[in-house]
Amino acid sequence: MTTRIEMYGARVRQARILRRMTGKAVLAEMGWRGARQTRLEQAEVTALDADTAARLAEVLRFPLEFFTTPPVSRVAAASLLFRAPKATSATEKEYLAQFAVAVGDFLEELNVRSQLPPVKLPALDRRTGVAAAARAARARMGMDADVPIPYLTYELERAGVAVVMRARRTKSSGELNWASDGAREKHLGYSTRVGEYGDRPLIVLRALDSWERIRWTVAHELGHLLLHADGVNSKDQEEEASRFASELLAPAAAVAEEVPKVVSLHNLVPLKLKWGISLGALLRHLSESGLIDSHRYDMLRRQLYTRINPATGHTWGRTEPGWDARVPEQPRLLAKWVERCFHATSAAMLAPRRLIWPADLLEDFLAGQRPAPSTTPSDNSSIAGTNQRRPALSAAAVPGTIALARGNVVDFDRFRNERRA
Ligand SMILES: [Zn+2]
């Protein structure tokens, strides 16, 4: 009598999608015909003989235990909180959904071993306005209403929101992502709720290297999580999440007192650095909050997006003044819990634990996480990873100058003069 192994259909499907394989490709590899793969994926459980089960696990490059473990998280592609650009294919949305599911199950595994921070986000009425929502979020997370948020990702993780930063090139699917194949993914991030009861908020970011964009995307996704629990399907909702992001980072009531009488790009830089928000977003925020008039807004916007930053050759809109004044934020919760639960500081160190996920997928989960703080913080250069638990700003905002992370100080006036030349 041969041993039979019960395989969960949802697991087979998940593994195939995460490997970016078509059902046809699996059929061919397995030497199967017809609808066998589809039937396998749609059945709750199918008993396969041990050899076939092992062969399928090999084709999909997942440990056999993955297929025999009941699935926990469920995320439908339609419930991802982002408005997918038209170019996003159904396959791509499925991939993003299954990636979230996999992270969700991994979080459950960690939570069983050591309880994750409880979720501390406000429950909002459907009609809550953006400013009230941002105020409520700050209050629930224990932040004052009128101070800058030095490290937003950390605050969210403390409030129980898991943040994953995907690698530029995923090891698990072997695919080049947005680096050369920008058409596939135009969004900067997405969010959803995972876990057995769908109550763990999860934000998944692309590996962005701009500190402004990371903070703003995290804040934008929090907006979706709080305001659009039922899904995102309109441009209005996108704009709402964006207004929420700016208001969370730089509450208009607090910023109002600091807005110069005659606003220029030059004199907004200190505000940008203080509140940790891009000039592009700040300009729009000031305009929407009635703090600058539409004429000035149009003029400054035009300046930002047409003038060239001589240091980078791009417009100031793309690499703004202060673009390298802060170290980009990185999440830490996942890496921290892996250390806590498994005494591991890398995916490779998880191998002896015989977890149900393949090593390359675990590596993708941990790709963008901030490494453990050094035990001997000998320098205070604020390089990511050497910071203590609550990281600080990397450089002070000095009016008229831009303190660079590398230690240089560049005079913004010099840039302006070069531009005029
Ligand atoms: Zn969005």
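Predicted model: local features only at pLDDT ≥ 70, side-chain atom pairs only at ≥ 80, totals over all residues.
User: How are two packed helices described?

Analyst: By the angle between their axes and the distance between the axes. Take α9 (residues 211-227) and α10 (residues 235-249). Their axes come within 8 Å and cross at roughly 120°. Angles from 65 to 115 degrees count as roughly perpendicular and those over 145 as roughly antiparallel, so α9 is oblique to α10.

User: Which residues make the contact between α9 and α10?

Analyst: On the α9 side they are Arg215, Trp216, Ala219, His220, Leu222, Gly223, His224, Leu226 and Leu227. On the α10 side they are Gln237, Glu238, Glu240, Ala241, Ser242, Phe244, Ala245, Ser246, Leu248 and Leu249. By class, that is ten nonpolar, six polar and three charged residues.

User: Is the crossing of α9 and α10 left-handed or right-handed?

Analyst: Right-handed.

User: Let me try another pair. At what angle do α2 and α4 cross?

Analyst: At roughly 130°. Helix α2 covers residues 23-30 and helix α4 covers residues 50-60. Their axes come within 10 Å. The angle makes α2 oblique to α4. This crossing, too, is right-handed.

User: What residues does each helix bring to that contact?

Analyst: Helix α2 brings Val26, Glu29 and Met30. Helix α4 brings Thr52, Arg55, Leu56, Val59 and Leu60. Sorted by class, the contact has five nonpolar, one polar and two charged residues.

User: Where do I find a roughly perpendicular pair?

Analyst: Look at α6 and α16 (residues 359-366). Their axes come within 11 Å and cross at roughly 90°. That angle is why α6 counts as roughly perpendicular to α16. Phe99, Ala102, Val103 and Phe106 in α6 meet Leu361, Leu362, Asp364 and Phe365 in α16. The class count is seven nonpolar, no polar and one charged.

User: Phe99 sits in that contact. Which aromatic residue pairs with Phe99?

Analyst: Tyr95. The two rings are stacked, at 6.4 Å centre to centre and 25° between the planes. Planes under 30 degrees apart count as stacked, so 25° qualifies. Both residues lie in α6 (residues 90-113), four residues apart, about one turn of the helix. A search of the whole structure finds seven aromatic pairs.

User: Now the strands. What is the order in the three-stranded sheet?

Analyst: The order is β3-β5-β4. The sheet is open, and its pairing is mixed. Strands β3 (162-165) and β4 (189-194) stand at the edges. Each has a single partner strand, so one side of each is left without a neighbour in the sheet. From one strand to the next, the twist averages 20°.

User: How many bridges join β3 to β5, and do the two run parallel or antiparallel?

Analyst: Four bridges join them, and they run parallel. Strand β5 spans residues 200-205.

Technical notes. Residues numbered from 1 in each chain as written. Heavy atoms only, no water. Pairing = 2+ DSSP bridges. Axes fitted to C-alpha atoms, helices over the stretch in contact; angles between N-to-C directions. Parallel < 35°, antiparallel > 145°, perpendicular 65-115°, else oblique. Left-handed = near helix turned anticlockwise from the far one by under 90°. Contact = heavy atoms within 4.5 Å. Nonpolar A, V, L, I, M, F, W, Y, C, P; charged D, E, K, R; others polar. Phe/Tyr/Trp six-rings, centres within 6.5 Å; stacked < 30°, edge-to-face > 60°.
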